[in-house]
Amino acid sequence: MITIDRLTKRFDRRAVLDELTLSIDAGDRIALIGSNGAGKTTLFRCLLGHYGHQGTISFDGSAGRRREASALARVAFVPQLPPPLRMPVGELLAFAERGAGADAALMREIAGRMGIDLDEVKSRPFYRLSGGQKQKILVTVALGRAVDLMIFDEPAANLDPAARAVFIDLLAERKEASMLIASHRLEEVAPLVNRVIELDRGRVVLDDEVVDRLRAGEFRMATITLAQPHEPFAAALAGWGFATDPAGLRFTGPVPAAETFRFLGLLARYGSLIDSLALDQDVMERV
Ligand SMILES: Nc1ncnc2c1ncn2[C@@H]1O[C@H](COP(=O)(O)OP(=O)(O)OP(=O)(O)O)[C@@H](O)[C@H]1O
């Protein structure tokens with residue numbers, strides 16, 4: 001879908017992207033990691049045609065101006081820093097609907113799930129919203145469109161934990177789009193991706209496929225014990241269909257192979273409560 005060949009971007013003669021070469025296939029869901037200043041945002045900006053550069057970037061074989069026009073129509077982007085837009089939120093949403101094909105009903109639903117009532121904020125200037133509210137609106141617009149590729153630059157950085165969890169669920173539900181997600185929280189996006197790419201000083205230093213020994217449709221049996229009962233944890237595991245002992249300390253249940261990372265991501269949020277954890281593959285194979 002996207003071929004990047006020897007992409008170099010210099011600021012003040014310093015190469016921030018250094019002959020970077022990479023292919024992104026349709027259906028790829030990539031976590032882009034790397035320390036501050038590694039070049040993640042600069043790569044996105046080059047992909048989106050915001051910056052001139054050396055080397056080539058092609059979308060389905062077309063490069064240059066033609067690529068830029070088609071990229072805009074087919075790519076949704078949520079920047080790390082929201083732009084200081086003065087227009088009211090309602091106008092921004094109307095613009096997304098008319099100009100970028102966003103679906104109004106879908107945007108309303110997405111915003112609602114992330115805890116934002118569009119009627120309440122529609123007359124407020126975008127730049128006066130809180131950091132988290134701005135991010136929620138930008139995510140709403142991005143997920144309200146039918147696109148081939150979604151690019152998210154630290155999209156959950158300003159979200160509270162509840163909205164962050166909903167956001168991850170929303171991405172997991174978008175099975176058809178390719179995704180490129182820059183994040184400093186790999187454990188959070190790991191359940192969503194099939195590829196992890198690490199940049200260091202403008203070069204790809206790791207390009208790993210995320211593989212699971214189990215096949216889709218197979219299960220692991222999980223057993224978790226807590227040091228003390230914890231109602232939110234019990235409620236979260238009830239949602240996964242887990243059984244609990246009467247004391248509320250021991251939980252058992254099946255974890256589908258395809259959901260393993262998402263499950264581990266959930267456990268990570270409660271890490272300090274967990275006394276022991278077993279993920280037993282053999283048990284389920286014998287059942
Ligand atoms: N417009 C610009 N002018 C000059 N230097 C820039 C510009 N944009 C980025 N840089 C520099 O390019 C380097 C890479 O920045 P970039 O924002 O791509 O990193 P990043 O991997 O996204 O980092 P972070 O994890 O902090 O978001 C940094 O050293 C930064 O200072």
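An open sheet of six strands has the order 6-7-8-3-9-10, with mixed pairing.

Me: On what conventions does this description rest?

Reply: This is a predicted model, in which local features need pLDDT of at least 70, side-chain atom pairs count only at pLDDT 80 or more, and totals for chains, interfaces and linings use all residues. Residues are numbered from 1 along each chain as its sequence is written.

Me: Which strands stand at the edges of the sheet?

Reply: Two strands pair if DSSP finds at least two bridges between them. Strands (E, at least two residues) and helices (H or I, at least four) are DSSP runs, numbered from the N terminus. Here strand 6 (75-78) and strand 10 (203-209) each have a single partner strand, so one side of each lacks a neighbour in the sheet.

Me: In which sense do strand 3 and strand 9 pair?

Reply: Strand 3 (residues 29-33) and strand 9 (residues 195-200) are parallel, over four bridges. Within this pair, Ile30 stands opposite Arg195.

Me: Is Pro229 buried or exposed?

Reply: A residue is buried if 20 or more other C-beta atoms, placed from the backbone, lie within 10 Å of its own, exposed if 12 or fewer, and partly exposed in between. Pro229 counts as exposed because it has 12 C-beta neighbours inside 10 Å. Pro229 lies in the loop between strand 11 (219-226) and helix 9 (231-238).
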